[in-house]
Amino acid sequence: MGRAYKKIPIVDTAHRCGLVLNPRTLHRGEVEASCPFCGDHGVGRYHLFLNTSTDQYRCVLCGAHGNSVTLYARVKGLDNLEAFRELEEGGNVYPMPKQPDSQYTEAAPRALAERSEIYTDMLHLLTLSDRHRENLLGRGLSEERIERNEYRSMPETDAGRRLLASLLKGCGHDLEGIPGFRTRYGEWTVTGPSGFLIPVRNKDGLIQGLKIRLDDEADPDRKYRWLSSRGMPNGTRSYSWIHVTGNTASKRAYLTEGPLKGDVASFLDNDALFVCIGGVNAIHGLKETVKELGVTELVEAMDMDQNTNPHVRNAVLEIRKELGSLPNIRYSKYVWSPAYKGVDDYYHARAAA
């Protein structure tokens with residue numbers, strides 16, 4: 001006989017954890033909440049999605065995910081068995097909701113020109129490992145384009161990361177307010193998982209921020225993370241900036257998710273103009289970016305999992321709604337074989353045929 005499992009509603013669990021919920025979403029199948037693990041991006045921002053059917057949660061910013069028990073366990077500092085027992089006992093006394101914050105006062109990101117200058121010098125001090133180069137070549141990029149786009153490997157050792165910060169300081173750079181940099185025992189260093197760095201640029205080629213393609217992550221939905229030092233001593237959060245790649249004089253732009261995906265697709269399509277969001281829900285600044293480019297045609301080239309993933313599909317519908325109000329821009333959808341998830345995969349297969 002199969003073992004029976006008691007349903008533990010995810011929203012009730014969130015209440016017991018003291019999470020801030022978006023009241024406008026309480027009637028929906030997915031309830032929005034402020035993430036207690038990454039702190040979201042400030043008061044009133046909700047990036048933790050609570051699925052009331054499966055009682056699962058996922059943060060679209062930091063990637064934290066699990067079920068009611070693991071959510072309660074992580075917030076309360078318990079193991080899963082202790083968490084299950086407390087939840088099973090029930091009780092309707094909930095703590096007052098408190099917006100997540102950090103014990104450290106973090107600086108706001110510095111102006112774009114300053115960030116770009118420091119990140120540019122940082123990339124000039126780094127190299128690209130052979131395995132990361134092979135990864136990029138395997139996506140269809142050329143050696144010349146890899147160098148032009150300035151992908152670089154994160155330093156793998158603490159000593160290497162401290163040396164990088166020291167060299168930048170020696171060049172006269174103030175690292176306060178630069179996402180990814182923080183102090184440790186009073187010494188500046190760069191923080192983040194191992195992987196390779198992807199510059200995220202605006203229409204003028206300035207580096208707004210850096211994304212990391214992680215080395216050791218099995219979940220394909222968590223392979224990419226912003227270089228950020230949020231919640232750390234003298235650290236700075238990263239926003240989900242919009243990436244622009246390709247021929248900015250073009251009047252047609254393609255819209256996709258992920259800066260590396262856009263870089264690859266643009267290269268494989270003769271420098272076609274791509275506008276790339278950091279995630280399906282990360283559309284802040286998207287409308288402004290499209291208007292600044294002055295395009296007359298926008299082609300949606302979002303991943304094909306929108307056909308099977310309701311969360312992605314709903315997010316894409318919101319994007320269409322957001323961009324549909326732009327005047328004098330023709331909006332269309334690019335469709336390819338569902339055998340290829342992303343437009344970059346499709347272009348790569350087409351080029352190899």
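**Exercise 1. A buried charge**

Task: D269 is buried and has no salt bridge; which side chain of opposite charge is nearest, and how far away is it?

Solution. Start with the ground rules: this is a predicted model, in which local features need pLDDT of at least 70 and side-chain atom pairs count only at pLDDT 80 or more, while totals for chains, interfaces and linings use all residues. Residues are numbered from 1 along each chain as its sequence is written, and side-chain values use heavy atoms, with hydrogens and water left out.

Step 1: Buried means under 20% relative accessible area, exposed over 50%, and partly exposed in between (1.4 Å probe, protein chains only). A salt bridge needs a side-chain nitrogen of Lys or Arg within 4 Å of a carboxyl oxygen of Asp or Glu. Lys and Arg count as positive, Asp and Glu as negative; His and the chain ends are not counted.

Step 2: find the partner. The nearest side chain of opposite charge to D269 is R350, 4.3 Å away.

Step 3: look at the surroundings. D269 sits in the loop between α8 (259–268) and β13 (273–277); helices (H or I, at least four residues) and strands (E, at least two) are DSSP runs, numbered from the N terminus. Apart from neighbours within four places in sequence, D269 is in contact (heavy atoms within 4.5 Å) with Y254, Y347 and R350.

**Exercise 2. A loop residue with positive phi**

Task: In which loop is N270 found, and is N270 buried or exposed?

Solution. Step 1: N270 belongs to the loop between α8 and β13. Step 2: its relative accessibility is 73%, so N270 counts as exposed. Step 3: check the backbone; N270 is not a glycine, yet it has a positive phi of about 55 degrees.

Now try N328. This residue is also not a glycine and has a positive phi of about 60 degrees. N328 lies in the loop between α10 and β15 (330–333), and is exposed at 74% relative accessibility.

**Exercise 3. Pairing charges**

Task: How many salt bridges does a search of the whole structure find, and which residue pairs with E143?

Solution. Step 1: the search finds 17 salt bridges.

Step 1: E143 pairs with R133, with the closest N and O atoms 2.9 Å apart. Because E143 lies in helix α6 (residues 143–149) and R133 in helix α5 (residues 130–138), the pair ties together parts that are ten residues apart in sequence. E143 is partly exposed at 41% relative accessibility, whereas R133 is buried at 17%.

Step 2: R148 and E144 form a salt bridge (3.3 Å, N to O); both lie in helix α6, four residues apart, about one turn of the helix.

Step 3: go further along the sequence. R201 and E150 meet at 2.8 Å, N to O, in a salt bridge. R201 lies in strand β8 (residues 195–201) and E150 in the loop between α6 and β5 (152–153), so this pair ties together parts 51 residues apart in sequence. R201 is buried at 16%, and E150 is buried at 14%.

Step 4: look for a network. R131, E156 and D215 are linked by salt bridges.

**Exercise 4. Two packed helices**

Task: At what angle do helix α9 and helix α10 pack, and how far apart are their axes?

Solution. Step 1: α9 (residues 286–293) and α10 (residues 310–324) pack at about 45 degrees, with axes 10 Å apart. Step 2: that makes α9 oblique to α10. Here axes are lines fitted to C-alpha atoms, for helices over the stretch in contact, and angles run from 0 to 180 degrees between N-to-C directions. Angles under 35 degrees count as roughly parallel, over 145 as roughly antiparallel, 65 to 115 as roughly perpendicular, and the rest as oblique.

Step 1: list the residues that meet. L286, K287 and V290 in α9 meet I319, E322 and L323 in α10.
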